[in-house]
Amino acid sequence: MIKAEWFYWLVGAVFLAMAAQMAVDRSNPKRLGSAAFWGLLGGCFFYSSWVVEKRAPAEPLGVAVLAMVCLGGFALTGRGVPRTTTPEQRVATAARLGSKLFVPALTIPLVAVVCASAVKHWHIGGQPVLEEGSETILGLGFGAIVGLLVAMVVVRERRPSVPLHAGRSLLESMGWALLLPQLLAVLGSIFQVAGVGTQVGKITEQLLPDGQKYIAVAVYCVGMALFTIIMGNAFAAFPVMTAAIGWPVLIQQMHGDPPVVLAVGMLAGFCGTLVTPMAANFNLVPAALLELKDQYGPIKAQIPTAGALLVCNIAIISLFAF
């Protein structure tokens, strides 16, 4: 059986390989900080397996995360000059290949769908080929590997070091912001365990007028957006606001339709995603990759859409949930 853990080890090995590249790249003025950051991340992929198996304590993982926060927070990571193709060569290749450049990217979801829908039913010796419950993540891993091979064939690149150096350049461009969604999701779990949602619910119940369901709907949707702005992740904000208002007030007290309240409430959280730098993978990383002059350009462009969509979400819950 092919285990999902093997895929995580492969990801960790890639991070460690890139960290080794960064450590010897003298074009990066902060090469040691960059190498330490991504090296710690790569090591965590291996060490976490021992933690899950109860063979090692979890505390070193927490120390590693805090060390990575310090490296990123104090701007100790930087960007070097990768040894890969020149911009002129890439422009010429893009002009030559045209739409064929999309083939490797489309290969990834295709392989993932095949693994999740077909390969998951394959068995050898009575055992499933793919670990049960992990078919999708394994399909994504296989899709990335196959997509890389297809890309090398399409662009006629025979040197495996070139995609590795190019990947490192992309990694350094995104920087610490690449990990922000995962850290913020953990923050949402901490809020939930700490009972933040329960306390917010008690305060809301005291302040909300009795029977004013439309005001409650507005508070729920706006609260989802605000918590998402703070935490940068609607999935982290969802358990907090749903435990506070969505479930006890809108569903239990006012008998709202749960699918409408919860689904549209999550969409209201995504309105906050559009306007917060904390959602780095949506708003800051694209600006960095496209080398935009205004780092917050995507956020400024998305504010009108976010506001209009939030109003629509409040109206949808008010009209269809009761």
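Visitor: Where does H121 lie?

Guide: In this predicted model, H121 sits in the loop between α5 (102–117) and β1 (123–124). Helices (H or I, at least four residues) and strands (E, at least two) are DSSP runs, numbered from the N terminus.

Visitor: What makes H121 count as exposed?

Guide: The relative accessible area of H121 is 55%. Buried means under 20%, exposed over 50%, and partly exposed in between (1.4 Å probe, protein chains only). H121 is therefore exposed. Its C-alpha atom is separated by 9.7 Å from that of E132, 11 residues apart along the chain.

Visitor: Which residues have the most contacts inside the largest nonpolar core?

Guide: They are Y220, C221, I245, L250, V261 and I317, in a core of 29 residues. α10 (213–231), α11 (234–253), α12 (258–273) and α14 (297–320) each supply at least two residues of this core, and α11 gives the largest share, 9 residues.

Visitor: What makes a set of residues a nonpolar core?

Guide: Its members are buried Ala, Val, Leu, Ile, Met, Phe, Trp, Tyr and Cys residues, joined through side-chain atoms within 4.5 Å.

Visitor: What is L250 in contact with, leaving aside its neighbours within four places in sequence?

Guide: Contact means heavy atoms within 4.5 Å. The partners of L250 are K213, A216, V217, Y220, I245, H255, G256, V261 and F322. Apart from this core lies another, of 12 residues, including M22, F37, L71 and L171.

Visitor: Why are α10 and α12 called oblique to each other?

Guide: Their packing angle is about 45°, and their axes are 7 Å apart. Axes are lines fitted to C-alpha atoms, for helices over the stretch in contact, and angles run from 0 to 180 degrees between N-to-C directions. Under 35 degrees counts as roughly parallel, over 145 as roughly antiparallel, 65 to 115 as roughly perpendicular, and the rest as oblique. The pair is therefore oblique.

Visitor: Which residues meet there, and what are their classes?

Guide: Y220, C221, M224, A225, T228 and I229 in α10 meet V261, L262, G265, M266, A268, G269, G272 and T273 in α12. By class, this contact has 9 nonpolar, 5 polar and no charged residues. Ala, Val, Leu, Ile, Met, Phe, Trp, Tyr, Cys and Pro count as nonpolar, Asp, Glu, Lys and Arg as charged, and the others, Gly among them, as polar.

Visitor: What conventions apply?

Guide: Residues are numbered from 1 along each chain as its sequence is written, and side-chain values use heavy atoms, with hydrogens and water left out. Local features need pLDDT of at least 70, side-chain atom pairs count only at pLDDT 80 or more, and totals for chains, interfaces and linings use all residues.
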